[in-house]
Structures are given as structure tokens and as C-alpha cells.
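Colleague: Could you walk me through one part of this model in close-up? Here's what I'm looking at.

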Amino acid sequence: MGYNFKETMNKKERFAPGHRMCAGCGGAVCVRNVLRGLHEEDHAVIGNATGCLEVSSFMYPFTAWSDSYVHNAFENAGATLSGVEGAYKVLKRKGKIDETFKFITFGGDGGTYDIGLQSLSGAMERGHDLVYVCYDNGAYMNTGTQRSSATPQFADTTTTPVGSVSHGKPQIRKDLAAVIAAHNIPYVAQTTFVRNFKDLHVKAEKAIYTPGAAFLNVLAPCPRGWGYPTQDLLKICQLAVETNYWPLFEVVDGTWILNYEPKKKLPIEDFLRPQTRFKHLFKPGNEYLIEAFQNEVDRRFEELVKRCS
Amino acid sequence: MEDMKKRVQLSGNEAVATALRQINPDVFPAFPITPSTEIPQYFSNYVANGLVDTEFIPVESEHSSMSAAVGASAAGARSLTATSSCGLALMWEELHVAASNRLPLALTLVCRALSGPININCDHSDSMGARDCGWLQIYAEDNQEAYDNMVQAYRISEHPDVRLPIMICQDGFITSHAVMDMELLPDKVVKDFVGEYEPERYLLNENGTMAIGPYAITDYYMEARRAQAQGILNAKKVILDVAREFEKISGRKYGLFEEYRMDDAEYAMVLIGSAAGTAKDAVDKMREAGKKVGLIKIRVFRPFPAEELAAALSKVKGIAIMDRSESFSSNGGPIGSELTQALYHARCKAFTVNYMYGLGGRDLQVIHVEEIFEELMALEAKGDPKDSVSYRYVGLRDIADPDHKQISYLCKPENSEQA
């Protein structure tokens, strides 16, 4: 698939400026670029789980969404869009709608990995023709950086604070892309903002235009929750990929495809060091924690490579 | 045959499912729960045999069934779901979302007790627990009423003056599973009565977008709630208008409540749902013995017909308010609270006693109703019945009374001297 950066970036915006997301927010970048995957002539209905994105983009009486948009609650973006898609099918059948509508829903990791997992699983299993996009910033950022099941091990969050007897979050993160792939849906992909957004753009378009249920897991860093300078968003994403913390892959009709393998994998410290949520790992005596983190990253990547071969 | 009314023998669940087949809604997400399960089951058969155009979505929980119904309704489709008990409790958040987004969707509720202990039988703790969620609530005494109410539901809910979701309630097992002789309207008559759903604003509008479910803080929230309250205020007239039109196609008359032998009644019982049949038998029996008793069966609980009930009860001496659900307020049940407030505002002179009955499927018997009326008369004879504590239970098990001689039990604190 040809990718023209300039052309893609010059597509008409479907997510208007003037929303209230923080400067440097990965969530907003995720939304703009997923929506660029839509063909301009197609309508869309956008769903949204409660979270930063919802409260910052649709504050009555203003909306940043140029497409039809539905926010229902925190845990039910999957079910809500199932109903919208069901309505589309029947209204189309009855001849009440002629034109094409696509269905995309956004949820943060809290609304997707945790409280919305059942609703998401149901929507995926039933095979509704929709895309669920998780903008994964690895914690409940809207309520002030509480841990989620997407939070990486050892991260300092407000519910897993580092203390005299705590190194941050004790548990490793859930592998949600694999969980959703186990639903045997036609398309699952993991991506983030690298290589001029090509990976994200191509995957968004594929997800939107693959008939049936599709899932995108997009690493969407949060400068406030992670503690890195706002302007370093793309640098952080690049480090996540080059350290194999966030591998880029797709699962197409059950076939796992690794989209990128760093020629020279960077050590995980390079990803951890710029983030204040991992500051404690660099205290003398805590080297073993970094080693444990590195081992987990390597173990997961090996497992992924095995799946992809 | 197609265009003729039909006498049939149906359970309440099949009656409602039949009404739904005739209505042919657009989207029906559902999740099984006793005793409402049969409604989506019957409906799935209509789908499987091409009798409806509906998109049936077998979701993974009741929270999702209401969430999907909300999504479908926002999208511009006529939608509904069915549930009971814990299913409704799980939807609680979504009930508010549906109402506050002014979505005209329907819920066919088969009333069942809430846990615990876990119990599958009838009481009204589910629907009464949802009474402040902004939904319209209409109750049925029997299968015919459940069917008739379902046929009228969308006309009320979708009316531009109302635009609120509607709960069509019937009693678990007592009407949902008991088969009753009843009359069905012809398919075409129902279809024409209900009409096509033509929303003004909806997500799938090709000629304009819509955003629904905003974040609104102190500067707009209160106005949204006030606007929502107007829908409930307007609903009473719409319900009566729709009932009048329904009478034209069915010959059956409906109001906000039914008055039974109330003309010269000195003592009245007020209740909701299937126990009305038993109460009517008891009223007949007592009338034969020359006792001036009557019954009011509330059909519409939301909006609450406060003034109308107070007017209907303005001449009685004593009122037994029957609640089939606890509200654990230490002050009686939900109908007790709402009705006494209405009577107070109307400066009604009657005294009231609030009885809890029928919890978890316990039968209310004719003898119970008679005893309650006798109790009202005795209180009146005592002189100042307003002194009496008005929170009582009927039909409890009592190991000290193996022959069930005592029917009515006063509720009072164990650690006080209160009589």
C-alpha cells in the first residue's frame, strides 16, 4: 500500500482543533491519525468510552467531532457501538439509509483492558463490523494516574506509589492484543506513532475497511502520567518500539505478522530513563528491577516472534 | 382472518413477545434472566423464521443489552430490551443514560425479587428500585394488560412532548408464565397504531451529524435535568391520549389507574400489579356482606398520578397502601411514601396503613385482603387511627402462630418502647 505522508496529513481533519486535551497528549494524536484512515466520502459514527478524550472533546455545548459521535459510559463502548452498528444493518435493510457508514470507537486502557473488557469481548465475539481503538497510555489518566492492567510493572502511579516498601506496580501488564486475537476476529494490530505515522495510518485504514470486528492497540503516551517533556512524544514512541517494549505487529485472519524488528535493539533503560514514573529504578541498588523489566520485555518479544514465524 | 381480533391463550411473556412481533422493532439486544428469558426466546424464533426485520443482538450481559439499546436508539432505530431483577439492577447506570439522553426506547420488565436471598419469584423490588431513573413505568394486572401496554409503549415514549424511555412491567411467573385467555389485535392494526419511527436527530442521519452524551458541568447540567423533568410532567396527558386511541382499536379502556367499586367506598386498598385480581375478589366478597370497600390499582407509576389518586381517595376514611417491595426506609415502601405525600398535599383526611406483601413471590390471599380491611375498620373504630404506626407486613411465617391466625404484623424498633 502506497503511503504519502504529505497527502495523508493534508486530509480534511475530522477531529477539530480547540478541544481541551493536554499539550502533547498521545490520545489526541491517535484520534486524528486513526480518523485519517477513513475515506473522505464515507460517513462515520464515532464511539467513545468515558475518559480524558470524552470529557475534553465533547464538553457541552461544544464538540470537536465532525462525524456523528456517541459517548455512553465508561465500560460499554463495545456494546454501545454494537447497537449503533445493529441499527445501521437494519436501517440499511429497510432502505432507510443509502450511504456508507463506518464505526470506530475509542477507549483508554482503563475503559478497554479493565472495566470495558467484557463489553469489548462481546462486541468482538459477535463480529460487529466496527473498529475498537484502544489509546493505551498505561493508567487511569483522567482520574489522576491510577494503575490499570495496562500499566507496566514498576511504574509509579497514584495507586501503586513508590514507597519505602514498594517499587511501584508489582504486576506485569496484560497482553490485550493477544487476548483480543484469541477471539479470532479478522484484524488485530498494535501500533504507535513512528515512521511518519505510516504504520498507524496503514493499520487504521485496514482495520476500518476489513469487514467484521477489528481491534487496534495504540500506544499513546501521556506526558503528565509518564513524566517526560511534552515535546518528546514522538521520541518516547520511537524508544518504545526500538527497545521492543511496544512491538509493531498485526494478526490478519489468525496469522501473526511482525511488522518491524529493530536492527539493533536498544536497552530498556533508554525507554525508562526519560520517564519520572520509573525514576526509582535508577537508584543505586535497584539495577535488578531494570534487569527484571528487560527480561520481561525480551520474553514477550521472543513469544511474539514465535507466533509470527 | 388476518384483520380480525383473535382470542388466544397465552402466557404474559408470549403475549408481550407477540406484541413485539407485531411492532417489528429495529434492534433488540437481550440477555437471558428468569423469568423474562422467554421474551427474547420467542422473539429469536420470529427472527429465525423471517417474521420480523429486527436485528437481534445476543449480548453478554444486561449492562450491554441496555448499552446496545441506547446505541441503537441514538443511531435512529426503534429499540428495546427485556429483563428482570438483577438484570435491571445491572443496568442501573444505563437506565439514567437512556433517560437523560431522551431516548425513546422500551424495556419489557418481568418483575422479580432482588437478591438476597436469591429468589426468582415476583415482587417489585427491581422496578421500584429503578423508579427514580427517569423512565416511564406502566404496570399490568394480567396478560391482556401486559400486551395492551406493550402496544401503547412506543406511542408514549416517542411522543415529542415526552421523549423518554418506557418500562412495561408485569409480574414474574404470576402473569409471565401463567397462561390466560386473552385477545390479540390484528397485526396490521397494531402496525398502523404504532406507526413508523421517524426521529428528528440521530447518529445515522446522512444529512447531518449528531453528538450525544456530552460532558456538562455546573453551567449546563441543571438545565438538562430540568428539561428531562418536563418530559415526565408532559407524559400524563400523552399516556391518556394514547389510551383513548387504543380504546378505539381494542374496546379496552385504560387510565392512570383503575378504580374498582370505589363509588361509595369508605375503605380503600391501593396496589400495583397482579395482586389486584385477588383484591377484587376480596372486595366483591366484602361488598356482598355490606362492607363499603374498594380498590385502586395503579397502572402508571411514573409519572406518579398524585393529584388524581388523591381526588379518587378524597372521600374514604382509611387506606391500605400495599407495597410489593421494601425500601428499607423504616417508614414503609415506595408506594406508601409517594401516595401519602400526594394525600398530604391534597389535605386528605383519610388515615393510611402501609403494608408490605408478596415479597419474593409470597401469595397475597383473599383472606389477607379481608383482614387488612377489617384492620382499617378496627383502627377507625378505635377513634384516632392516625396514632397508629402505619408500617406493617402481611402474610409472614410465624412459628408462634402455626395456624396462621395472625395476618398483619406491625414493624417497630426492638429497642424502643414505641407501641
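This is a predicted model: local features need pLDDT of at least 70, side-chain atom pairs count only at pLDDT 80 or more; totals for chains, interfaces and linings use all residues.

Among contacts in chain A between residues at least 6 apart in sequence, what share joins residues at least 24 apart? Then please zoom in on strand E3, residues 101–108.

Modeller: That share is 70%, with a contact meaning heavy atoms within 4.5 Å. Residues are numbered from 1 along each chain as its sequence is written, chains are lettered from A and ligands numbered from 1 in the order written, and side-chain values use heavy atoms, without hydrogens or water.

For context, chain A has 12 helices and 10 strands (DSSP runs numbered from the N terminus: helices are H or I with at least four residues, strands E with at least two). Of its 309 residues, 61% are buried, i.e. under 20% relative accessible area with a 1.4 Å probe, protein chains only.

Now E3(A): 8 of its 8 residues are buried. Side chains in a regular strand alternate between the two faces of the sheet. Here one side carries A:Phe101, A:Phe103, A:Thr105 and A:Gly107, the other A:Lys102, A:Ile104, A:Phe106 and A:Gly108, and both faces are covered.

As for neighbours, E3(A) pairs in the parallel sense with strand E1 (residues 43–48) over 6 bridges; pairing takes at least two DSSP bridges between strands. A:Phe103 is the bridge partner of A:Val45 there. Strand E4 (residues 131–136) also pairs with E3(A) in the parallel sense, over 5 bridges, and its A:Cys134 stands opposite A:Gly107.

Terms used. Buried means under 20% relative accessible area, exposed over 50%, partly exposed in between (1.4 Å probe, protein chains only).
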